[in-house]
Amino acid sequence: MSKVLVIGDPFVSAENLAKAAAKLAIDPPIDIYQFDWCPELSRSEFREIIKKLERNGPSGFDLPAGVLEVLPQVEYLLVHLAPISATTIAKAERLKMIGTCRGGLEHLDLAAIREKKHIPIINVIRNAEPVADFTIGLMYATVRNIAAAAIQVKQGKWPQSFANDSYKSSFSNMKVGLVGLGHIGKIVAKRLNALGMSVSAFDPFAKQADLTAEGCLVNLCSLEELFQNSDVVSLHLRVVPETENLIDASLLKLMKPSAYLINTARPEILNQKDFIEVLQTGKIAGAGIDVMWQEPIDPDDPLLSLDNVVITSHIAGDTVDAIERSPQLLQRTINQYLEKP
């Protein structure tokens, strides 16, 4: 017999995780303990919890009633975003594996897990491709005025000229700079390579030789060089103390007046005040963003009055084959790991 604990949330339900757990290649019969964390919250409300979790780590959050009682019996733990703190790990005396159906591990106390050296962590990048696709779509929508034109046509207008007419160019002639080369950043880079575009990137952990070997044609450069030389700057960073407010006036003012900023990552990477100022004063051509400091957006947010910014409602990774099917992707990945000789 194998005992599995699954903890769902408003994005990935415990029921969905349990279906995946039932198909794990572990000793039968499989006994599944099923709980949901914050099931009373809407997805919008839950995003605020996610922000705190990503910023502060897993400590200080309460798990559903009953979880701590079953933990000593559990051998396998499957979660999406449920916080797994040092306290949780300490109680899981028989734990053999942790599986999480997302790329980031901010919700796991990695130091506590490392102390139990026999516990592997299996994670999957559930929405890297959808976010990469959306990022490039947002680039087109912003740079080529697709969103602006569509809005005006529905208002009964027929726009033929835009503020960027004097420097409007074919997308393939533009240089794109990527800030961050994780899973999403690399997919964006490869998609842009296929479009024949010049791509540069800043990532202190990336190595030029490794990127070339992966078929990722990217020129690594400093952050300052990237902002100075790019026609489109796209952000692909996680929020950690080192990246919070990283993109501020000192970098934004290096951008060309004809350049655009794209953000499908996290709003906290950008200094909000400085970002709004460069858009209001026309220091950059425009921006496309899928994440906001307050979600849903405040009706009085100054960005809503600007016609040089495209704002979408945090939907970059929201496809049926991403979040909802991530437990099945996790199950397959775990089974591949278990079946290795």
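A polar contact here is a pair of N or O atoms within 3.5 Å; within protein, one must be able to donate a hydrogen and the other to accept it, and residues adjacent in sequence count only if both atoms are side-chain atoms. This is a predicted model, where local features need pLDDT of at least 70, side-chain atom pairs count only at pLDDT 80 or more, and totals for chains, interfaces and linings use all residues. Residues are numbered from 1 along each chain as its sequence is written, and side-chain values use heavy atoms, with hydrogens and water left out.

**Exercise 1.** Work out what surrounds E75.

*Solution.* Start with the place: E75 sits in the loop between α3 (67-70) and β3 (76-79) (helices, H or I, at least four residues, and strands, E, at least two, are DSSP runs numbered from the N terminus). Next, check burial: its relative accessibility is 5%, so E75 counts as buried (under 20% relative accessible area; exposed is over 50%, partly exposed in between, 1.4 Å probe, protein chains only). Then look for partners: leaving out residues up to four places away in sequence, E75 touches M1, S2, K3, R94, L95, K96 and M97 (heavy atoms within 4.5 Å). Finally, zoom in on K3: the E75 side chain gets to its backbone nitrogen at 2.8 Å.
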